[in-house]
Amino acid sequence: MILKDKVGLVVGVANNKSIAYGIASACYEQGAKLAFTYVNDSIKKRVEPIATEFGSKNIYELDVSKKEHFEALRESIKKDFGKIDFLVHSVAFAPREALDGEFIDTSKEAFNIAMEISVYSLIELIRELLPVLNDGASILTLSYLGGAKYITHYNVMGVAKAALESSVRYLAYELGKRNIRINAISAGPIRTLAASGIGDFRLILKWNEVNSPLKKNVSIEEVGNSAMYLLSPLSSAVTGEIHYVDNGYNIMGICATEDKDGKVQVAWETKGKENKE
Ligand SMILES: NC(=O)c1ccc[n+]([C@@H]2O[C@H](COP(=O)([O-])OP(=O)(O)OC[C@H]3O[C@@H](n4cnc5c(N)ncnc54)[C@H](O)[C@@H]3O)[C@@H](O)[C@H]2O)c1
């Protein structure tokens with residue numbers, strides 16, 4: 001049991017399709033004791049049975065836009081566990097209208113919301129929880145390729161992910177002095193609540209499946225297993241990394257595929273058909 005006697009806080013479970021659920025599950029299987037947060041009362045109803053499933057009674061309110069929630073969270077953790085060994089930040093949000101149409105039309109308000117909820121929340125969460133993080137603790141956040149490359153409709157969330165990935169590097173240096181590590185997983189596209197807000201998400205999923213070296217999409221179980229490694233002492237020399245868990249899609253440049261008769265096809269010849277499936 002790789003995470004036996006380790007305690008972790010998982011921020012960002014909305015339901016059992018959440019990437020954070022996959023991460024919690026993999027950590028639980030390796031013996032971790034878990035605590036969860038919920039953003040509001042309607043999500044609380046979903047998180048309660050999930051916490052029970054993972055043998056946990058520890059669920060705390062955290063809306064990352066509310067400063068007072070961070071302090072209450074820290075005090076609850078202190079009371080219930082003393083200190084924790086790992087922290088999962090699996091939170092992102094941008095107004096729906098900013099994830100469709102053109103990036104140039106992003107309003108200042110949507111830009112600020114995306115940056116506050118999806119990026120600043122990581123910095124604030126770590127700063128507020130530092131007193132309850134154990135020596136050797138590991139932190140993980142979730143990114144997407146749209147932070148490094150143009151992805152259709154990802155728009156302001158791409159800019160937020162670029163800032164998130166840069167924040168991971170700055171935080172890694174400073175946390176290193178305290179013997180705390182931080183990494184990000186850049187996951188391939190997965191059908192979740194958050195993803196349902198992204199325009200043409202079906203196309204993004206299909207494109208990834210057709211063009212990635214492993215010819216499939218990733219599951220939350222696969223992201224969970226990679227996350228478990230990064231959250232555990234197995235990765236004790238790894239920090240500041242953006243680790244792709246995307247069936248290799250990020251390595252691709254130009255890609256031609258072969259059809260069942262061995263005839264070379266290019267993506268634009270297959271795209272239309274697959275999107276109608
Ligand atoms: N689904 C994908 O294709 C994909 C791919 C790569 C990275 N990611 C990233 O994974 C992370 C988790 O997303 P997911 O796809 O599992 O979707 P999800 O909807 O299951 O999780 C998003 C979480 O963010 C939380 N959240 C939103 N606003 C919040 C706030 N103000 N305070 C606290 N929590 C708040 C939601 O409650 C939810 O639990 C996000 O950072 C997302 O960008 C997702």
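Analyst: Let's start with contacts, which mean heavy atoms within 4.5 Å. Leaving aside its neighbours within four places in sequence, N15 touches Y21, R46, I50 and L193. Before we go on, please note that this is a predicted model, in which local features need pLDDT of at least 70, side-chain atom pairs count only at pLDDT 80 or more, and totals for chains, interfaces and linings use all residues. Residues are numbered from 1 along each chain as its sequence is written, and side-chain values use heavy atoms, with hydrogens and water left out.

User: Where is N15 found, and why does N15 count as buried?

Analyst: For places, we use DSSP runs numbered from the N terminus: helices are H or I runs of at least four residues, and strands are E runs of at least two. N15 sits in the loop between β1 (7-11) and α1. For burial, the cut-offs are under 20% relative accessible area for buried, over 50% for exposed, and partly exposed in between, with a 1.4 Å probe and protein chains only. N15 counts as buried because its relative accessibility is 13%. A polar atom of the N15 side chain also lies 2.8 Å from the backbone nitrogen of K17. That is a polar contact: a pair of N or O atoms within 3.5 Å, where, within protein, one must be able to donate a hydrogen and the other to accept it, and residues adjacent in sequence count only if both atoms are side-chain atoms.

User: How many residues of helix α1 are buried?

Analyst: Nine of the 11 residues of α1 (residues 19-29) are buried, so read this helix as mostly covered. The buried ones are I19, A20, Y21, G22, I23, A24, S25, A26 and C27. Just after α1, G31 takes a positive phi of about 95°.

User: Which residues are closest to the ligand?

Analyst: Here a residue is near a molecule or strand if one of its heavy atoms lies within 4 Å of it. The ligand is surrounded by 26 residues, with S18, I19, K161, I190 and T192 the closest. A side-chain N or O atom of D63 is 3.0 Å from a ligand nitrogen, and a polar backbone atom of A194 is 3.0 Å from a ligand oxygen. On its own the ligand has 820 Å² of accessible area, and the protein covers 91% of that. Such areas come from the Shrake-Rupley method with a 1.4 Å probe; for residues, only the protein chains shown count as cover.

User: What does the side chain of N247 reach?

Analyst: It reaches the backbone oxygen of K216 at 2.7 Å. A polar atom of the N247 side chain also lies 3.5 Å from the backbone oxygen of N217. N247 is in the loop between β7 (242-245) and β8 (256-258), and its 7% relative accessibility is why N247 counts as buried. Apart from neighbours within four places in sequence, N247 is in contact with S212, P213, L214, K216, N217 and V218.

User: How many salt bridges are there?

Analyst: The rule asks for a side-chain nitrogen of Lys or Arg within 4 Å of a carboxyl oxygen of Asp or Glu, and the count comes to nine. E124 and K67 form one, with their closest N and O atoms 3.3 Å apart. That pair links distant parts of the chain, 57 residues apart: E124 in helix α4 (residues 108-129) and K67 in helix α3 (residues 67-81). E124 counts as buried because its relative accessibility is 8%.

User: How far apart are E75 and K78 in helix α3?

Analyst: An α-helix has 3.6 residues a turn, so residues three or four places apart point the same way. E75 and K78 are three residues apart in α3, about one turn of the helix. Their salt bridge has its closest N and O atoms 3.5 Å apart. Both count as partly exposed, E75 at 38% relative accessibility and K78 at 41%. K67, R74, E75, K78, E124 and E128 are linked in a network of salt bridges.

User: Which residues form the nonpolar patch on the surface?

Analyst: Patches are built from residues with over 30% relative accessible area and no salt bridge; like charges are joined within 9 Å and nonpolar side chains (Val, Leu, Ile, Met, Phe, Trp, Tyr) within 5 Å. I2, Y229 and L234 form this one, with about 250 Å² of accessible area together. Y229 belongs to helix α7 (residues 220-231).
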